Amino acid sequence: MRIQAAKQEEKKKHGSPKNMIVSLLDMENNTATVVGVMGNDKNNFGAKFLDASEKLHIDVKQDSFSANILTVHKDNLIKLINELPNNM
């Protein structure tokens, strides 16, 4: 209940909620873990990540129970992130 109230208050202050992407580089393995969180209640970043990776022919790994968390080769990170607005 508190989370929903906080979301409503945030929306009043700043307009519609924003999407967020966070990445963490693993230099030893030359990979990046990417997490996408949508500003609304339905987080479909998993589908957006897969659509973008298929379009770009980029291999991604989804080892988490959450589809919005994936691992990608660090050289493909910027390509993937740049493609996401085309799939939103």
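Residues are taken as exposed when their relative accessible area is over 50% and as buried when it is under 20%, with those in between counted as partly exposed. On this basis, the face of helix H2 turned away from its buried side carries the exposed residues Glu54 and Lys55. The structure described here is a predicted model, and the values that follow are computed from it.

The secondary structure of the protein chain comprises three helices and four strands, which follow one another along the sequence in the pattern α-β-β-α-β-β-α. Of the 88 residues in the chain, 26% are buried. Among contacts between residues at least 6 apart in sequence, 48% join residues that are at least 24 apart. The chain exposes about 6400 Å², of which carbon and sulfur atoms supply 52%.

Helix H2 runs over residues 45-56, and its twelve residues should span 16 Å at 1.5 Å a residue; the C-alpha atoms at its ends are 16 Å apart, in agreement with that expectation. Its buried residues, seen down the axis of H2, fall within an arc of 165 degrees, so they line one face of the helix. The residues of H2 that are buried are Phe45, Gly46, Lys48, Phe49, Ala52 and Ser53. What covers them includes the strands E1 (20-26), E2 (31-37), E3 (60-61) and E4 (69-73), together with helix H3 (77-83). Ala52, which is found in H2, counts as buried because its relative accessibility is 0%, below the 20% limit. Glu54, also placed in helix H2, counts as exposed because its relative accessibility is 57%, above the 50% limit.

By the ring-centre criterion, the count of aromatic pairs comes to one. This pair is formed by Phe45 and Phe49 and is tilted, with 5.3 Å from centre to centre and 35 degrees between the planes. Both residues lie in helix H2, four residues apart, which is about one turn of the helix. An α-helix has 3.6 residues a turn, so residues three or four places apart point the same way. Phe45 counts as buried because its relative accessibility is 1%, and Phe49 likewise counts as buried, with a relative accessibility of 0%.

The largest nonpolar core is made up of twelve residues, namely Ala32, Val34, Met38, Phe45, Phe49, Ala52, Ile58, Leu70, Val72, Leu77, Leu80 and Leu84. At least two residues of this core are supplied by each of E2, H2, E4 and H3, and the largest share, three residues, comes from H2. In soluble globular proteins, nonpolar side chains tend to be buried together.

Lys79 is placed in helix H3 and is partly exposed, with a relative accessible area of 47%. When its neighbours within four places in sequence are left aside, Lys79 is in contact with Leu56 and Ile58.

Two residues were examined for their backbone phi angle. Most residues other than glycine have a negative phi. His57, although not a glycine, has a positive phi of about 60 degrees; this residue comes just after H2 and lies in the loop between H2 and E3. His57 counts as exposed because its relative accessibility is 72%. Asn30 is a residue other than glycine whose phi is also positive, near 55 degrees. Asn30 lies in the loop between E1 and E2 and counts as partly exposed, since its relative accessibility is 32%.

How values were computed
Residues numbered from 1 in each chain as written. Predicted model: local features only at pLDDT ≥ 70, side-chain atom pairs only at ≥ 80, totals over all residues. Heavy atoms only, no water. Expected span 1.5 Å × (residues − 1). Buried < 20%, exposed > 50% of the residue type's maximum accessible area, 1.4 Å probe, protein only. Arc of directions from axis to C-beta. Contact = heavy atoms within 4.5 Å. Phe/Tyr/Trp six-rings, centres within 6.5 Å; stacked < 30°, edge-to-face > 60°. Core = buried A, V, L, I, M, F, W, Y, C linked by side-chain atoms within 4.5 Å. Areas by Shrake-Rupley, 256 points an atom, 1.4 Å probe, with all protein chains shown as cover.
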